[in-house]
Amino acid sequence: MRIERARMDDSDRLADLWVDLAAGQRAHGSSLRAEENRAVARDAVARHIVTGGLLVGRDEDGIQGFVMFAPETGSYEQDVERGVIRNLYVRPADRGNGLGGLLLAAAEEELAAEGADVASLEAMADNEDARQFYERAGYEEHRVELEKPLGAGENDTDSREGE
């Protein structure tokens with residue numbers, strides 16, 4: 001197994017793996033549609049290949065996993081330079097062999113070389129395996145995203161109660 005930069009001729013295979021990632025995240029509460037976003041994912045893959053922000057784990061059978069990353073961009077001045085791990089995926093058949101850790105470490109090294117002081121990433125709150133993986137790699141909660149369904153339903157809070 002070797003970690004290397006993705007090539008443009010990997011785009012279709014990486015889009016397939018991205019669709020697998022998105023489909024798997026649906027079990028953890030993601031609202032992202034997998035197959036419907038294949039073209040958008042392929043474009044994102046191509047952009048990350050061009051900018052050098054996509055690494056793959058490859059052996060004689062092909063690509064087993066990938067990591068997409070980039071420096072954080074924005075107009076706010078901050079006291080740290082942040083790199084963002086956007087997607088990390090290892091095929092289920094190849095999990096448990098250390099590939100995820102190798103991909104994560106390689107992305108962190110690349111981000112540090114580009115001037116990042118910290119790396120950030122997101123995991124679905126319900127995905128305990130992913131959260132434990134990242135915690136073992138030294139990641140800690142930094143920001144918590146909260147979500148609430150809107151519209152008519154039992155879970156809505158009537159803000160006028162008590163008026």
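Trainee: How many helices and strands is that?
Mentor: Four helices and five strands. Keep in mind that this is a predicted model: local features need pLDDT of at least 70, side-chain atom pairs count only at pLDDT 80 or more, and totals for chains, interfaces and linings use all residues. Residues are numbered from 1 along each chain as its sequence is written, and side-chain values use heavy atoms, with hydrogens and water left out.

Trainee: What does the C-alpha trace span?
Mentor: About 65 × 40 × 30 Å along the principal axes of the chain.

Trainee: And what share of the residues is buried?
Mentor: 34% of the 163 residues count as buried. Buried means under 20% relative accessible area, exposed means over 50%, and partly exposed is in between, with a 1.4 Å probe and protein chains only.

Trainee: What about contacts between residues at least 6 apart in sequence?
Mentor: Of those, 59% join residues at least 24 apart. A contact means heavy atoms within 4.5 Å.

Trainee: On to the helices. How do the axes of α1 and α2 cross?
Mentor: At roughly 125°, and they come within 9 Å. Helix α1 covers residues 11–25 and helix α2 covers residues 38–51. The axes are lines fitted to C-alpha atoms, for helices over the stretch in contact, and angles run from 0 to 180 degrees between N-to-C directions.

Trainee: What do you call that arrangement of α1 and α2?
Mentor: Oblique. Under 35 degrees would be roughly parallel, over 145 roughly antiparallel, 65 to 115 roughly perpendicular, and the rest is oblique.

Trainee: Which residues meet there?
Mentor: From α1, S11, D12, L14, A15, D16, W18 and V19. From α2, R38, A41, R42, V45 and I49. By class, that contact has seven nonpolar, one polar and four charged residues. Nonpolar covers Ala, Val, Leu, Ile, Met, Phe, Trp, Tyr, Cys and Pro; charged covers Asp, Glu, Lys and Arg; the others, Gly among them, are polar.

Trainee: How about H48, buried or exposed?
Mentor: H48 is buried too, with a relative accessible area of 10%. H48 lies in helix α2. Its contacts, again without residues up to four places away, are G53, L54, M68, F69, A70 and R86.

Trainee: Switching to charges. How many salt bridges are there?
Mentor: 13. A salt bridge is a side-chain nitrogen of Lys or Arg within 4 Å of a carboxyl oxygen of Asp or Glu.

Trainee: Which residue does R58 pair with?
Mentor: E4, at 2.4 Å from N to O. The pair links distant parts of the chain: R58 is in strand β2 (residues 54–59), E4 is in strand β1 (residues 2–5), and they are 54 residues apart. R58 is buried, at 7% relative accessible area.

Trainee: And D9, what does D9 pair with?
Mentor: R7, at 3.2 Å from N to O. D9 is exposed at 61%, and R7 is partly exposed at 39%.

Trainee: Which residue forms a salt bridge with E72?
Mentor: R82, with the closest N and O atoms 3.5 Å apart. R82 is in strand β4 (residues 82–90) and E72 is in the loop between β3 (62–71) and β4, so the pair ties together parts ten residues apart in sequence. R82 is buried at 15%, whereas E72 is partly exposed at 35%.

Trainee: Which residues do shared partners join into one network?
Mentor: R2, E4, R7, D9, D10 and R58.

Trainee: Last one. Where is D79?
Mentor: In the loop between β3 and β4. D79 is exposed, at 74% relative accessibility. D79 and D117 are 38 residues apart in sequence, with 9.5 Å between their C-alpha atoms.

Conventions. Helices (H or I, at least four residues) and strands (E, at least two) are DSSP runs, numbered from the N terminus.
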